[in-house]
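The structure is shown here for reference.

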Amino acid sequence: EATPQGEWVMSALTVACASRLLRRAAGLRSPIEHARANPVAHALGLSPSGGEVAFSSTSGHEGEGDGSGECARKRPGDDGLPIVYHPAYSKPVMPEGHRFPMPVFREIYRRLLRDGVAMPGKNLFQPARMPSLEELTAVHDEEYVNKFMMGAMSDEELRRMGLPWTEDLVERTLSEVSGTMLCADLALTCGLAVNTAGGTHHAHRSHASGYCIFNDLAVTAKRVIARGAVERVLIVDLDVHQGDGTAATTAADPGIYTLSVHCEDNFPAKKSTSSRDVALPTGTGDDMYVKTTEAALREAIEEHGPQLVLYDAGVDVHGADDLGGFNLTDEGLIRREALVLDTCMGRGIPVAAVVGGGYDKDLEALARRHCILHHVAREIFESNKL
């Protein structure tokens, strides 16, 4: 719906109804209840004081209290949908006129605070460590990792990366990977968690591409399998651009299944081969997109039997996106998020979602599109809590 000023506002009723209709049509169980009943959801046993990826809440009062132990008994998810954010997500300053919307991640965070979706001290989490070299080199060539970290990339490598190298970019890149790893840990504990960045699906083993440097989706998938938290991961990539880097860097791992639904006539020109690729024509709208995505997602789940879904919810599928090609509306994005979350979680599959791509000079409009994911996720999480 729209305010008198013309700003679109999320309708909780619309989201809830879409969620219920989707579950009823498929005969699905309650997502949160099913996920928490699944032993996989408890595999990591996270608590506010630790976990393989350490994290801190944003309360600013750790260690305080009345001695009752109430805070100590709190677990992620007790105070709402877990949301991951790091200040470094928007730390690099881009040259004037640069196409990559670096400040949008800060705008997403601010909008979620304003909307009451993210609540410091309750459901907002920040990774407290960077990824290890071992975690990064499970996906990327060590020489490439070191060259990026030290700022020793060639002009051609920088051109392909698409971003000017700075120390702030290094911090941002590492924080984004850690944020997605933490998001997966939280999802395995709570059934659902959402990052406020992530989705660097064009990053390949030995080179950056399309603003993507280290592939957070591939690193996270390989890490949870290596740790024994799960055996099978499904990466659902619904960015308008094919997840070529993710497909290439995980192709040899039988535990990882990649599904990419993308525009056939868009970047990258040379596509990789995902486990399942669905290329749709330019101009695809809501109905065709949602119907096609639903069929592909169900087939991928049946074929792979995933125990965790990493969901890249790129909003560059929107008709107003500067680098898109599809013609989805706000309502189409709502339907897509409800479809993915309900389809996966209703089968007891935890979901860790990242925001993916989106390009618009109007950062407020872009942040609003990204936040549809968090609004829909909150409605589903809250309506199905035990």
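This is a predicted model: local features need pLDDT of at least 70, side-chain atom pairs count only at pLDDT 80 or more; totals for chains, interfaces and linings use all residues.

Helix α4 runs over residues 104-115. From its first C-alpha to its last, α4 reaches 16 Å, close to the 16 Å expected for its 12 residues at 1.5 Å a residue. Buried residues in α4 are Val-104, Phe-105, Ile-108, Tyr-109, Arg-111 and Leu-112. They lie on the same side of α4, because the arc they cover around the axis is only 165°. In general, an α-helix has 3.6 residues a turn, so residues three or four places apart point the same way. The partners against which the buried residues of α4 pack are β2 (83-84), β3 (124-127), α8 (167-190) and α13 (363-383). Just after α4, Gly-116 has a positive phi of about 80°.

Helix α8 comes up again at the cavities. Two cavities reach 30 Å³ or more. The largest has a volume of about 50 Å³, and α8 gives the most to its lining, with four residues. The lining of this cavity includes Arg-172, Glu-176, Thr-200, Cys-212 and Asp-216. By class, six of its lining residues are nonpolar, two polar and three charged.

Thr-200 sits in the loop between β4 (192-195) and α9 (216-226). Thr-200 counts as buried because its relative accessible area is 6%, under the 20% limit. Beyond its neighbours within four places in sequence, Thr-200 contacts Glu-176, Cys-212, Phe-214, Asn-215 and Asp-216.

The second largest cavity has a volume of about 30 Å³. β6 provides the largest share of its lining, three residues. This lining has three nonpolar, five polar and one charged residues.

How values were computed:
Residues are numbered from 1 along each chain as its sequence is written. Side-chain values use heavy atoms; hydrogens and water are left out. Helices (H or I, at least four residues) and strands (E, at least two) are DSSP runs, numbered from the N terminus. The expected span of a helix is 1.5 Å times one less than its number of residues. Buried means under 20% relative accessible area, exposed over 50%, partly exposed in between (1.4 Å probe, protein chains only). The arc is that of the directions from the helix axis to the C-beta atoms. Contact means heavy atoms within 4.5 Å. On a 1 Å grid over the protein atoms alone, a cavity is a set of points where a 1.4 Å probe fits but cannot get out, and a pocket is an open set with protein on both sides within 12 Å along at least five of seven lines; lining residues have an atom within 4 Å of a point. Grid points are joined across faces, edges and corners, and a volume is the space filled by probe spheres set on the points. Ala, Val, Leu, Ile, Met, Phe, Trp, Tyr, Cys and Pro count as nonpolar, Asp, Glu, Lys and Arg as charged, and the others, Gly among them, as polar.
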